[in-house]
Structure formats: C-alpha cells, structure tokens
Amino acid sequence: MVMERLYLDYNATAPLTPGARQAVLESLDLFGNASSVHSEGRAAYALVQKARYALAALVQADSDNIVFTSGATEAAATLLTPHYTMGRKPLFMSRLYIGATEHPAIAQGGFFAAAAQIKLPVDANGQVLPEKLAAILAGHDKKQGLPLVAVQYANHETGIIQPVAALAEITRQAGGLLVADAVQALGKMPLDIKGGGADFLIVSAHKIGGLKGAGAYIASGSLIRPRPLMAGGGQEKGLRGGTVPVQALAAFGAAATNAAERLKQDDRSAALQSALEQGLKKLCPDCIIYGEKAARLSNTTYFSLPSIKAETLQIAFDLAGIATSSGAACSSGKVGASPVLAAMGARSEQGALRVSTGPATKPADIARFLQVLQKILAREAGRAAPQ
C-alpha cells in the first residue's frame with residue numbers, strides 16, 4: 001500500500017484553500033479589465049476591491065492603504081528605496097537598517113547602496129533587541145536623511161517573532177520609518193498595523209493559501225508612500241502600474257478571509273508543535289531546537305541533529321513521502337550554512353531541518369513524521385556501527 005504524501009513545508013508555500021480555489025473558478029468568467037469603466041470592467045474591479053477589503057480586515061488596515069503587487073519580493077523592492085513622499089513633500093532615507101536574519105528579499109537591501117546598509121545584530125534567539133536598535137539609531141546623522149528600518153515579524157526558518165511594536169517606537173523616535181516583513185506572520189498570528197507600530201507591512205498570497213504571483217504592501221496611514229517601482233498605466237492609484245491580475249487577487253481575498261476565520265479558532269498548531277518537539281527530544285535528546293525559549297510561530301520547528309546532516313534528513317523524508325525543508329525555498333538547491341543560524345551565533349555543521357505545519361496537519365501526521373525519523377536514526381546508527 002502506497003501512503004499518501006505528507007506536506008510539512010507550509011512556510012515555503014501553502015496549498016490553495018478551498019475558498020481560494022472556488023474564487024478562482026468563479027472569477028474566470030469575469031474577463032473584463034478592472035481598469036475599464038464598462039460593466040465587464042466594473043465587475044472585475046468589484047472583485048479586486050472585495051479582495052482588498054478582506055486583506056484589510058486581516059491586518060486591521062484601511063483598504064485604501066493596500067497596494068497590490070506581484071508578490072512580496074516586488075513589495076520589498078518598492079519599499080526598500082531611499083525615496084519616499086509625505087504628501088507632496090519628498091522624504092529621503094539615507095540609511096537602511098536590516099535585521100541580520102532577514103529573508104533574502106530584504107537582506108539584499110533593495111535600492112540602497114551597500115555602504116548605506118547597516119546590519120542589526122540579533123541575540124542567540126534571533127531577536128533584534130530594542131536597546132540595540134536604540135543605540136545604533138542614536139548615531140544616525142539626520143542631516144544626511146532619515147533612517148529606514150526593515151525587520152521580519154516572524155522568521156522564515158526559525159519562526160522567531162520580533163518585538164516589532166517596540167522596534168517601531170524606537171524608529172519613530174529617531175524620525176524614521178519601519179518596514180515589517182509579515183509574509184510568514186500573516187494568517188498565523190493576529191496582526192494590527194495600526195496598533196502594531198509598523199509603517200508598512202509586506203505580505204504574500206501563496207503563504208496563506210492563495211495563488212503565487214500576488215502580494216501587497218500595506219501602509220499604516222495615507223500620507224507617506226514610497227516612490228513607485230513601476231508607474232505604468234496608473235493602476236493602484238498610480239502607486240503600482242500594470243494590468244490588475246483579477247483571478248490572483250480574488251484568490252488572495254478568499255485566502256485572507258479563510259485565514260481570518262482560522263485565527264478566531266483554537267490554535268491547533270501549538271499542540272502539534274509541542275508533540276513534535278517532545279517526540280524529537282525523546283528520539284534524540286541532544287537535538288537542538290532553535291529559538292525554543294523565545295516567542296515563535298506555533299507552526300514552525302527548526303532543529304538540528306548532531307549525527308545526521310539536514311540535507312540527508314530532508315532527502316530521506318522525501319523518499320518516505322514527507323516534504324520538509326532545510327532552508328528558505330528561494331534558496332533551494334544551494335547547499336551551505338544558514339545565514340540565519342550564523343547571525344544567531346549557532347554553529348551547526350550538520351545544518352538544520354524545518355518542519356512547518358498548516359491547517360490540514362493532523363496529530364497523526366506528526367506521529368508519522370516521528371516514526372519515519374526513528375527509522376532514519378536506526379538506519380544511520382547501523383551504518384555508523386563498526387563492522
């Protein structure tokens with residue numbers, strides 16, 4: 001009997017939610033251009049606006065402050081620019097301060113020259129300490145321009161949650177802006193852009209069960225905006241040109257609605273995480289679970305086993321029908337040390353494996369994962385035993 005494959009890589013991407021799938025199917029009949037004024041165009045535009053309202057509700061934002069993009073990478077490229085406006089007044093951001101454990105889309109620094117990028121150190125748990133940020137920004141020369149700070153709400157590998165509200169307050173006191181990468185946090189923890197401090201959020205549709213190729217940046221207010229990356233035909237109020245992808249945004253809106261409904265329910269993922277990590281320690285008492293003592297997403301476990309390389313583990317699990325990850329999906333195929341672990345001061349020659357659960361994950365799935373791991377450990381021990 002061939003067992004059904006088990007997917008435990010939700011931080012890389014999530015399967016389409018039933019609601020998103022249905023939204024796509026229904027939207028296929030709305031072929032009008034959302035920028036057109038005729039009935040077909042207005043019908044398509046209404047679907048885009050429905051998605052905008054759903055996403056706004058998920059992060060407690062004003063719908064007018066959402067700018068749709070082709071994904072989180074484009075949103076990051078738009079926001080990581082020295083050039084902003086406050087109304088009609090230009091704002092120049094002279095330095096970009098980036099958390100040391102950021103996703104590559106942020107870590108590359110956008111349109112800032114390398115000399116204008118400053119890495120923010122993290123502690124052993126992978127968090128940017130507010131007092132460290134305050135000390136660094138105290139040395140910022142405002143005569144040259146304002147500081148722009150970019151940090152994640154939650155890390156893509158470890159699931160570690162940053163103290164965004166505190167970091168945003170410090171940034172604001174220094175006269176700067178804070179961009180928060182909420183790609184992993186969206187739908188997994190409550191977000192409130194008005195109460196959470198960030199000036200801008202970056203989000204992606206496919207991480208919450210929408211289609212790939214849709215994302216957004218979300219502003220906390222209506223006054224400050226980055227210079228458009230693409231002017232085009234003036235879509236998105238002139239802030240992002242290009243024909244609006246109606247089907248992708250219909251799915252995004254439905255996925256956002258699904259995510260909001262899940263957040264109102266009990267967090268099943270916390271129990272799954274506890275069972276997984278207790279099982280890991282039982283099978284391998286000297287395993288390392290990164291960020292174990294810090295605030296983390298309840299769906300994410302990032303761990304190392306001292307006796308087996310993470311790459312070997314990942315392949316073994318895949319052959320056993322279980323999908324996991326040994327790093328960011330955008331870096332798949334690249335074998336090397338995790339820059340996230342390096343920034344945390346963690347030295348793991350074996351690398352680390354990430355297990356990330358989702359709405360469809362069941363306790364039986366965690367039990368199956370641990371059973372397979374037990375077999376892998378036994379097999380590796382047999383190979384290591386003297387002949």
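Which residues is Leu-276 in contact with, leaving aside its neighbours within four places in sequence? In this predicted model, Leu-276 is in contact (heavy atoms within 4.5 Å) with Thr-301, Val-355, Ile-366, Phe-369 and Leu-370. Leu-276 is found in helix α8, residues 268–283; helices are DSSP runs of H or I of at least four residues, numbered from the N terminus. With a relative accessible area of 2%, Leu-276 is buried, a term for values under 20% with a 1.4 Å probe and protein chains only. The C-alpha atoms of Leu-276 and Ile-160 are separated by 17 Å, and the two residues lie 116 residues apart along the chain.

The model is predicted, with local features needing pLDDT of at least 70 and side-chain atom pairs counted only at pLDDT 80 or more, while totals for chains, interfaces and linings use all residues. Residues are numbered from 1 along each chain as its sequence is written, and side-chain values use heavy atoms, with hydrogens and water left out.

Two packed helices are described by the angle between their axes and the distance between the axes. The axes of helix α2 (residues 39–59) and helix α7 (residues 246–263) come within 8 Å and cross at roughly 30°. This makes α2 roughly parallel to α7, the class for angles under 35 degrees, whereas angles over 145 degrees count as roughly antiparallel. The crossing of α2 and α7 is left-handed. On the α2 side the contact is made by Ala-44, Leu-47, Val-48, Ala-51, Ala-54, Leu-55 and Leu-58; the α7 residues include Val-246, Leu-249, Phe-252, Gly-253 and Leu-263. By class, this contact of α2 with α7 has 15 nonpolar, 2 polar and no charged residues.

Helix α1 also packs against α7, at an angle of about 150° and with the axes 8 Å apart. α1 is therefore roughly antiparallel to α7, and α1 passes α7 in a right-handed crossing. Gly-19, Ala-20, Ala-23, Val-24 and Ser-27 of α1 make the contact with Gln-247, Ala-250, Ala-251, Ala-254, Ala-255 and Asn-258 of α7. The residues of this contact of α1 with α7 divide into 7 nonpolar, 4 polar and no charged.

Ser-27 belongs to helix α1, which covers residues 18–27. Its relative accessibility is 0%, so Ser-27 counts as buried. The side chain of Ser-27 reaches the backbone oxygen of Val-24 at 2.8 Å. Not counting residues up to four places away in sequence, Ser-27 touches Leu-47, Gln-247 and Ala-250. Of these, Leu-47 is listed among the α2 residues in the contact with α7, and Gln-247 and Ala-250 among the α7 residues in the contact with α1.

Definitions and conventions: Axes fitted to C-alpha atoms, helices over the stretch in contact; angles between N-to-C directions. Helix = DSSP H or I, 4+ residues; strand = E, 2+ residues; numbered from the N terminus. Parallel < 35°, antiparallel > 145°, perpendicular 65-115°, else oblique. Left-handed = near helix turned anticlockwise from the far one by under 90°. Nonpolar A, V, L, I, M, F, W, Y, C, P; charged D, E, K, R; others polar. Buried < 20%, exposed > 50% of the residue type's maximum accessible area, 1.4 Å probe, protein only. Polar contact = N/O pair within 3.5 Å; in protein donor to acceptor, adjacent residues only side chain to side chain.
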